[in-house]
Amino acid sequence: MTTRRSFLGRTTAAGVMAGLAASPAAAEDGSGADAGDPAARRGRARDAIVAVNSGMRSHYAALKSDLIAQLSPVLVVQNDARGGRFTLVHDGTQESLHPVGEVFELAKSVSHVPLGVFSIIAPHLSDRVPNVTGADRIDPHDLAMVAFKDTATTGWITPLRQYADTLAAARRQLDQAGIPPEMVVSCARVLDGALSFIEASTAARSFDIRSFEDFSHSVYAGIRTNMRYAAEAQIAGVQGALRTWRARIGEEAWQDLYTVVLSQWATSELNQNSIIIRPCMNPAKVATHLIDLPAAEPLSDPVFVALDNLARIVQDNIAAELVFPSDRTAADALKGPQDLLADEILDQLGAATAYSAPTGAGRGACPVTRRGPASQQAGTAHDL
């Protein structure tokens, strides 16, 4: 069924009025068949007003669509298990590659073992926080949400044993993987610790938060070593790719490089690839040309998503200065991640002057306090 708003989105205001009344003139002066019906006149009037925004959206989308093809040069980074898929868009061409060496993926794979074990046993944990180190950092409600199965059930045993088979296969072949000797030792430490925990837990048909923490603490040193090797591989691979592309497109073009880093929310702040790329960009433009874009799930077409968002950011950067030439705070809101109504809503809520946007779980308390003028940022999250 066509709704009023979707109908308006596909037609001009004049066309809508013609469809709703005997003639455009009748719609304007209320002399149609329902001229005596105030509700009908109010509905037509509101439809005409809504059509204004529908028209704006149509033209705004057309501008964005045309702008996508003009964007250059653009570096699009899709974070993944291999260190990131990098795509350079330049003068109508695209080149994609995974520049990070395999050591990165191998080090991360073994380092994720405690998370793999946790994911299997977590629903069967007790929903009561025990007296362990850092107990005050565990939210009891979060724990209750994760530990949603009965601790007496043993449905975790079979998948945990199956995961142990996967770990054992990796452990047997570590020496043939061609990785640095120090990393062989660190990976062995992690895998052996996990296999011991699984063997003890499945034999006893029992585990708890304390026993899991004992296991995870015992393998942490190995994980830290793997993290060092992963970071070295990522830095070397990304910087190498950037040097190659910079030389190819030339210094003049590189100074105007846009970079869009796509990631999940959990890695969107201080993202590893953003950290590496930042010093390789024009320092005068990096604050506005390096954009971290969180995405809920892996994207089927990350390059299009990046360019689509970048096109909106770029056109908003210009629109902001022309639409709000006398109000720099409003202009900054239009070109940044602050919603245009944010300050007005905070004012009406009677908030004070030191608002900080929530950055994590448990920080969205009410009431809020008002933040000052938004700093100029490339990026936009408001809904026009």
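Buried residues, meaning those under 20% relative accessible area with a 1.4 Å probe and protein chains only, make up 38% of the 384 residues in this protein. The model is a predicted one, where local features need pLDDT of at least 70, side-chain atom pairs count only at pLDDT 80 or more, and totals for chains, interfaces and linings use all residues. Residues are numbered from 1 along each chain as its sequence is written, and side-chain values use heavy atoms, with hydrogens and water left out.

**The overall picture**

- You'll find 17 helices and five strands here; these are DSSP runs numbered from the N terminus, with helices being H or I of at least four residues and strands E of at least two.
- Of the contacts (heavy atoms within 4.5 Å) with a separation of 6 or more, 68% are between residues 24 or more positions apart.
- The protein exposes about 21,900 Å², and carbon and sulfur atoms supply 55% of that, using the Shrake-Rupley method with a 1.4 Å probe.

- As background, most residues other than glycine have a negative phi, and most peptide bonds are trans.
- The bond from Ser72 to Pro73 is cis, with omega near -10°, and Pro73 sits in the loop between α4 (38-68) and β1 (74-78).
- Asp91 isn't a glycine, yet its phi is positive at about 50°; look for Asp91 in the loop between β2 (85-90) and β3 (93-97).
- Leu270 isn't a glycine either, and has a positive phi of about 55°; its loop runs between β4 (258-263) and α13 (272-277).

**Out in the open**

- Asp91 is exposed (over 50% relative accessible area), at 60%.
- Leu270 counts as exposed too, with 74% relative accessibility.
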